[in-house]
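Have the structure open while you read.

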Amino acid sequence: MRIIPLGAQGSNITRLQRITGFIDYINSRLFDSFTPSQKICVDESVVKLKGRILFITYNPQKPTKWGIRIYILADFNTGYICGILPYYGSLTTEKLLRPNLLVSTRISLHIYTTMLNKIPGAQEYDMFTDRYYTSYILANELHKLKCLLTEIILINNKKLPDAIKK
């Protein structure tokens, strides 16, 4: 990992690139320390912060109203966080896989493929998600990666096939 001082002059390194190296290091340490069971969960969380950063989020309906939104991959049985993906606004979606898919689908695929790359021989997982990530497309994409998906299905979802709605 390369650490770049915050006051470095003359470099074309963005703020996001400074943080990304640190996040990659954290993710590698999380996967080195623990191998998740066959049941995993993708969800979002908010790390409380009232500081001044460009990608702070505000949601008045959450207990933690101000903070940094992160998407997490956790072990279903123990709750151990195995991987994180911070939300940087539109910069987050630029680096995700498959730009033709929905952002929520891309987040789940990105976190899952990161786990597959970090853990050799990892396959045949069961992923649990909430309704934010629910999509028929995500189920198909994870099935291609030999991962089963358990999710809450909303019947009024526009892209849900009629056979499943019945």
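1. Let me start with Lys146: is this residue buried or exposed? It counts as exposed, because its relative accessibility is 52%. Bear in mind throughout that we are looking at a predicted model. Lys146 sits in the loop that runs between H4 and E6, just after H4. Its phi is near 60 degrees, which is a positive value in a residue other than glycine.

2. Glu124 deserves a look as well. Phi is near 55 degrees here, again positive in a residue other than glycine. You'll find Glu124 in the loop between H3 and E5. With a relative accessibility of 52%, Glu124 counts as exposed.

3. Now to helix H4, which covers residues 136-144. Which of its residues are buried? They are Leu138, Glu141 and Leu142. Looking down the axis of H4, these buried residues fall within an arc of 95 degrees, so they line one face of the helix. An α-helix has 3.6 residues a turn, so residues three or four places apart point the same way. The exposed residues His143 and Lys144 are on the face of H4 turned away from its buried side.

4. What do the buried residues of H4 pack against? Their partners are helix H3 (103-118), strand E5 (125-128) and strand E6 (147-150).

5. In soluble globular proteins, nonpolar side chains tend to be buried together. The largest nonpolar core here has 23 residues, and those with the most contacts inside it are Leu73, Tyr112, Met115, Met127 and Leu142. Two or more residues come from each of E1, strand E3 (66-75), strand E4 (81-86), H3, E5, H4 and E6. H3 gives the most to this core, with five residues.

6. Not counting residues up to four places away in sequence, Met115 touches Phe31, Pro36, Ile40, Leu73 and Tyr125.

7. How much relative accessible area does Ser108 have? The value is 0%, so this serine is buried. Leaving aside neighbours within four places in sequence, Ser108 is in contact with Val42, Met127, Tyr133 and Leu138.

8. Last point: empty space. Rolling a probe the size of a water molecule over the atoms shows where empty space is left. The count comes to one cavity of 30 Å³ or more, and the largest cavity holds about 50 Å³ of space. Which residues line it? The lining is Glu44, Val46, Thr57, Tyr58, Asn59, Lys62, Thr64, Lys65 and Arg69. By type, that makes two nonpolar, three polar and four charged residues. Strand E1 (39-48) and strand E2 (57-58) each supply at least two residues of this lining.

Note on methods. Residues numbered from 1 in each chain as written. Predicted model: local features only at pLDDT ≥ 70, side-chain atom pairs only at ≥ 80, totals over all residues. Heavy atoms only, no water. 1 Å grid on protein atoms, 1.4 Å probe; cavity = no way out; pocket = protein on both sides within 12 Å on 5 of 7 lines; lining within 4 Å. Points joined across faces, edges and corners; volume = space filled by probe spheres on them. Helix = DSSP H or I, 4+ residues; strand = E, 2+ residues; numbered from the N terminus. Nonpolar A, V, L, I, M, F, W, Y, C, P; charged D, E, K, R; others polar. Buried < 20%, exposed > 50% of the residue type's maximum accessible area, 1.4 Å probe, protein only. Arc of directions from axis to C-beta. Contact = heavy atoms within 4.5 Å. Core = buried A, V, L, I, M, F, W, Y, C linked by side-chain atoms within 4.5 Å.
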